[in-house]
Amino acid sequence: MTDAADRLFVNGEIHTLATPDETHEAVAVRDGEVVRLGRSREVRFLEGVDTEVTDLDGRVLLPGFVDAHTHLTTVGRYLVHADLSAADSPSEAVDLLAERAAEVEDQNADAPDGGSDGSATDWVLGYGYDESTWDEDRYLTREDLDRVSTERPVAAFREDMHVAAVNGAVLDRFAGELASVPDETVPTDDAGEPTGVLLESAIDPIYEAVEPGPAATRELVAAALDDCAAKGITGFHDMVRNSHAPRVYRDLDAAGELTARVRINYWSDHLDALREVGLPTNAGSDMVETGAIKSYTDGSLGGRTARISEPYADDPEETGQWVVDPDELAARVADATAAGYQFTAHAIGDEAVDAVLDAYEEASETDPGAARHRIEHTELADDAALERLAETGVVASVQPNFLKWAGDGGLYEARLGPERTAATNRYRDMLDAGVNLAFGSDGMPMDPLLGVHHAVNAPDEAQRLTVTEALRAYARGAAYAGFDEDRLGTVEPGKRADFAVLDSSPWEEPAAIRGIDAAMTVVDGEVVYDGR
């Protein structure tokens, strides 16, 4: 006799994404695993006395979204600190920071010194501004942030986190540290004074100063996990910047409170520690596992620090920077692959993409495809690089939401010109070449349906995917990038019951995908969000 199911989802439109057109009406779940698909009346044969039955009422059920590249604590900071992503001008960003400054004053009102003790709670922080969407297209500066406060430290981070702005109080406090970084990372005005704009390594002292402790990290993670659940996200690969986040994830897992699966990608300076404690790639539980070793190569197009072979259209003297130069990158890759770790490298410009592929091919101890080495972003890659990606099996871990910059008059056109804009984020060409494609968000914002929308409605044919292809990249493609394709990424018997239920079908109105809401999110057979 067949055991009853724990939960049934019936009267829905279930897209398995195992094959492009496979659909069913109902799915049965037992012990967190899919056990049957079919018509509702057939699947209801598994209904028992204690079976919970969810009527989908025609809604669309998909495999849960897996975000292959995010920074969850940064996503949490958007929710806890000033969210500058909606600002449409420098003055509006300043207003949002001023509102946050008032909150900081209130929070520190009972402290003997008003909270002005140099701790992280002293700071006024904002995240996510994008000057390319403003009529006044410029970075925030010290002059802007001094309007927020001249006493408390104020910092505003561009959404790519490769550019920050700080006020005079921060420049004074960190004068020694900033004197030791490359001059080009601390721009100055005509009088030789710092503008308050910081690039790349100059931001590191600021990151260290504002890094939250364990309790604050847990608050950020909790806020971001709630947001993930409301968007159909059942798993994510975290490029951890916060040193406390791995412990928070494992504590939540041990307490049974983790509402999404986490793959932790550690920075390369953690490699020795991981080896010493015996945490290889893929080690962990069903909910928290060790992922790749991560490194930078270049910076960002927004900061004009992505390493490109031809000069920037809006700065003919500039071709970007090496954050980690090719020789150092090759040494890091060789060290990690020799120890059996998956490796992933941030590379945006075409020169950076080539440097990563060179490093992977030179690290002969491990086949790049078998190790599932990854390149994060891959925004500007030529035909030869796409061929190498396909031949080596290296995963292109990309962010389709970046296509928001590919329209007429957008950031890409300003930085690269129209011709190279059409050569960015070539997802159609990647798939046609046989590249392993995984979608993520980089937390800019962490919203899979927004990314799917941009991939489906991309301005250039070389960038554009079908609805099914885009959804698969955000499910099975991301699962493959994390060695999880045998348990995640499709709705099939034997796979874990991780589902995203949508209010409407992305196939019916492709031009309106960004407006679709998640109605329900299920992880391991348990409903973690119900917005019906």
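Tutor: Start with helix α9, residues 245–254. Its buried residues are Ala 245, Pro 246, Val 248, Tyr 249 and Leu 252. They span an arc of only 160° around the axis, so they sit on the same side of α9. The face turned away from that buried side carries Arg 247 and Ala 254, both exposed. What lies over the buried residues? The cover includes two helices, α2 (72–80) and α8 (214–229). It also includes the strands β14 (233–239), β15 (261–267) and β16 (288–295). Just after α9 comes Gly 256, with a positive phi of about 70°.

A word on confidence. This is a predicted model. The mean pLDDT of the chain is 94, and 97% of its residues reach 70 or more. Where pLDDT is low, the predicted coordinates should not be read in detail.

Take Phe 439 next. Set aside its neighbours within four places in sequence. Its contacts then include Val 66, Asp 67 and Ala 68. Val 398, Pro 400, Ala 455 and Leu 465 touch Phe 439 too. So do Tyr 427 and Tyr 474. Those two tyrosines, Phe 65 and Phe 439 form one aromatic cluster.

The whole structure holds 14 aromatic pairs. Look at two of them. The ring centres of Trp 123 and Phe 174 are 6.1 Å apart and their planes meet at 50°, so this pair is tilted. It joins distant parts of the chain, 51 residues apart. Trp 123 is in the loop between α3 (90–107) and β10 (124–129). Phe 174 is in the loop between α5 (168–173) and α6 (175–179). Trp 123 counts as buried, at 1% relative accessibility. Phe 174 is buried as well, with a relative accessible area of 8%.

In the second pair, Phe 343 and Tyr 360 have ring centres 6.3 Å apart and planes at 75°, so the pair is edge-to-face. Phe 343 belongs to strand β17 (residues 343–347), and Tyr 360 to helix α12 (residues 350–362), 17 residues apart. Both are buried.

Rings also meet charges. The charged end of Lys 294 sits over the ring of Tyr 296, 4.5 Å from its centre. Arg 372 lies over the face of Tyr 480, at 3.8 Å from the ring centre.

Finish with the backbone. Leu 17 is not a glycine, yet has a positive phi of about 60°. It is found in the loop between β2 (13–15) and β3 (23–24), and is buried at 3% relative accessible area. Asn 425, also not a glycine, has a positive phi of about 50°. Its place is the loop between α16 (418–421) and α17 (427–433). Asn 425 is buried, with a relative accessible area of 0%. Lastly, the peptide bond from Met 444 to Pro 445 is cis, with omega near -15°. Pro 445 lies in the loop between β20 (436–439) and α18 (448–456).

Notes: Residues are numbered from 1 along each chain as its sequence is written. This is a predicted model: local features need pLDDT of at least 70, side-chain atom pairs count only at pLDDT 80 or more; totals for chains, interfaces and linings use all residues. Side-chain values use heavy atoms; hydrogens and water are left out. Buried means under 20% relative accessible area, exposed over 50%, partly exposed in between (1.4 Å probe, protein chains only). Helices (H or I, at least four residues) and strands (E, at least two) are DSSP runs, numbered from the N terminus. The arc is that of the directions from the helix axis to the C-beta atoms. Contact means heavy atoms within 4.5 Å. pLDDT is the predictor's confidence in each residue, from 0 to 100. Rings of Phe, Tyr and Trp (its six-membered ring) pair if their centres lie within 6.5 Å; planes under 30 degrees apart count as stacked, over 60 as edge-to-face and the rest as tilted. A charge sits over a ring if NZ of Lys or CZ of Arg is within 6 Å of the ring centre and within 35 degrees of the ring normal.
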